[in-house]
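Thanks for passing this one along. Here are my notes, in the order in which I would go through the structure on screen.

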Amino acid sequence: MADLLWDDVKCSSHVAPIKRVEAGQGVSYEHDWVAPSALNLALIPVGYADGIPRSLSGHLAVSVRGRRYPVVGRIGMDQMIVNCGDEKVEEGEEVVLIGSESDGDLTIHE
């Protein structure tokens with residue numbers, strides 16, 4: 001049996017709804033993350049039921065168009081929220097959780 005090379009794996013999803021929130025607005029369970037300024041948040045329909053450890057809440061970044069964005073709040077059973085700042089990401093765009101993109105890699109080791 002061959003060893004699985006995690007560095008050659010790509011795991012991706014897509015951007016679901018995007019919402020602009022104002023400074024001070026809380027999101028996620030019990031609003032445990034509060035927006036420091038007005039910004040765009042993207043909902044990604046992937047969570048701990050899909051194998052993304054909840055313990056990565058606050059430590060995970062994803063990539064859209066080669067740019068990294070932090071996951072904010074707690075990772076839910078079937079969704080996570082990404083802080084896109086002032087960037088305009090579009091619903092349906094690919095979100096890379098693990099794997100290669102043109103401007104960088106998100107490895108399983110990260």
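## Notes on the model

The backbone oxygen of R54 lies 2.7 Å from a polar atom of the side chain of S57. Please keep in mind that this is a predicted model.

1. S57 sits in the loop that links β5 (39–44) to β6 (61–64). Besides the backbone oxygen of R54, at 2.7 Å, a polar atom of the S57 side chain has the backbone nitrogen of I75 at 2.8 Å.

2. **Cover around S57.** Is S57 buried or exposed? Its relative accessibility is 19%, and buried means under 20%, so S57 counts as buried. Setting aside residues up to four places away in sequence, S57 touches G73, R74 and I75.

3. **Overall fold.** The protein has ten strands and zero helices, and the pattern along the sequence reads β-β-β-β-β-β-β-β-β-β. Taking contacts between residues at least 6 apart in sequence, 63% join residues at least 24 apart.

4. **Burial and surface.** Of the 110 residues, 39% count as buried. The protein exposes about 6,600 Å², with carbon and sulfur atoms supplying 52% of that area.

5. **Strand β5 and its partners.** Five of the six residues of β5 are buried, so this strand is mostly covered. Which strands pair with β5? One is β2 (residues 18–21), antiparallel to β5 over four bridges; K19 stands opposite L41 of β5. Another is β8 (residues 80–85), which runs antiparallel to β5 and is joined to it by five bridges. On that side, N40 stands opposite G85 in β8.

6. S12 belongs to strand β1 (residues 11–14). With a relative accessible area of 36%, S12 is partly exposed, whereas S57 counts as buried. Leaving out neighbours within four places in sequence, S12 is in contact with E94, V95, V96 and L97. The side chains of S12 and E94 are joined by a polar contact of 3.2 Å.

7. **S12 and S63.** How far apart are S12 and S63 in sequence and in space? They are separated by 51 residues in sequence, and their C-alpha atoms are 9.2 Å apart.

Technical notes. Residues are numbered from 1 along each chain as its sequence is written. This is a predicted model: local features need pLDDT of at least 70, side-chain atom pairs count only at pLDDT 80 or more; totals for chains, interfaces and linings use all residues. Side-chain values use heavy atoms; hydrogens and water are left out. Helices (H or I, at least four residues) and strands (E, at least two) are DSSP runs, numbered from the N terminus. Buried means under 20% relative accessible area, exposed over 50%, partly exposed in between (1.4 Å probe, protein chains only). A polar contact is a pair of N or O atoms within 3.5 Å; within protein, one must be able to donate a hydrogen and the other to accept it, and residues adjacent in sequence count only if both atoms are side-chain atoms. Contact means heavy atoms within 4.5 Å. Accessible areas come from the Shrake-Rupley method with a 1.4 Å probe; for residues, only the protein chains shown count as cover. Two strands pair if DSSP finds at least two bridges between them.
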